[in-house]
Amino acid sequence: MVNFEKIDEMISVIASGELPKSQSFNEFAVNFYLETKIVPLSKYLKMEGKTNKMPKIMNTKKSGELLFHTQKNEEILKFLKKRGYQKIPELNFTCVMLLRKVDSMSNWKKLLSYFEGKGTIEEINNSTRIQLLPDEEKKIEEFIKINLGVSETELNWLKDKFKMIYENKEILRSLKKIAR
């Protein structure tokens, strides 16, 4: 039987970011996962009007799932020990933003990269994004050319400029200000 009152309490805890003193993040996340395992959580959050904290809530559930399955997975436990972790590392509301719907080992590799200071969450997530296939890239280029009414040369110029803008946040902010 699903205890929606308990789930609502746990969602409130996640939204506030204040864990009960009696629990670590890992314990809380596993308990949250077990409580919400059979609930279509994103649908429930939308019905309850709690979408403003949905990424944090959904990633907490993913972290609970990862932790729950890691406890029983000898391969991952050995991997963590090889990397210097005698027990499962303590997660938090920040690092769970790295978790994706991929295999547990990929998620742990990303988490350990973050713990070892190999990049910010955004940098690590961007480094693992899948590159476009050539056909996909051509489709996107055609879409842009048609909708912006630009030629191949103009599109190449635009891509170069956009890359510069994307990499320099000050330019991006400045353009946003003047484009209003």
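Let's start at L158, which is found in helix α9 (residues 152-167); helices here are DSSP runs of H or I with at least four residues, numbered from the N terminus. This is a predicted model, in which local features need pLDDT of at least 70 and side-chain atom pairs count only at pLDDT 80 or more, while totals for chains, interfaces and linings use all residues. Residues are numbered from 1 along each chain as its sequence is written, and side-chain values use heavy atoms, with hydrogens and water left out.

L158 counts as partly exposed because its relative accessibility is 31% (buried means under 20% relative accessible area, exposed over 50%, partly exposed in between, with a 1.4 Å probe and protein chains only). Together with L148 and W157, L158 makes a nonpolar surface patch of about 320 Å²; such a patch joins nonpolar side chains (Val, Leu, Ile, Met, Phe, Trp, Tyr) within 5 Å, taken from residues with over 30% relative accessible area and no salt bridge. Helix α9 also holds N156, partly exposed at 33%.

Now to the charged pairs. Side chains of opposite charge can pair when their charged atoms come close. Counting a salt bridge as a side-chain nitrogen of Lys or Arg within 4 Å of a carboxyl oxygen of Asp or Glu, the model has 7 salt bridges. In one of them, E116 meets R83 with the closest N and O atoms 2.9 Å apart. This pair links distant parts of the chain, 33 residues apart: E116 sits in the loop between α6 and α7 (121-127), and R83 in the loop between α5 and α6.

K145 has a salt bridge to E142, at 3.0 Å between the closest N and O atoms, and another to E152, at 2.6 Å. E142 and K145 are separated by about one helical turn, because they are 3 residues apart in helix α8 (residues 134-148). K145 counts as buried, at 15% relative accessibility, whereas E142 is partly exposed at 39% and E152 is partly exposed at 38%.

Finally, look at the second largest pocket, which is lined by 14 residues; K61, K62, E65, R100 and K101 lie nearest its centre. The elements giving two or more residues to this lining are α4 (54-70) and α6 (104-115), and α4 supplies the largest share, 6 residues.

Technical notes: On a 1 Å grid over the protein atoms alone, a cavity is a set of points where a 1.4 Å probe fits but cannot get out, and a pocket is an open set with protein on both sides within 12 Å along at least five of seven lines; lining residues have an atom within 4 Å of a point. Patches are made of residues with over 30% relative accessible area and no salt bridge: like charges are joined within 9 Å, nonpolar side chains (Val, Leu, Ile, Met, Phe, Trp, Tyr) within 5 Å. Accessible areas come from the Shrake-Rupley method with a 1.4 Å probe; for residues, only the protein chains shown count as cover.
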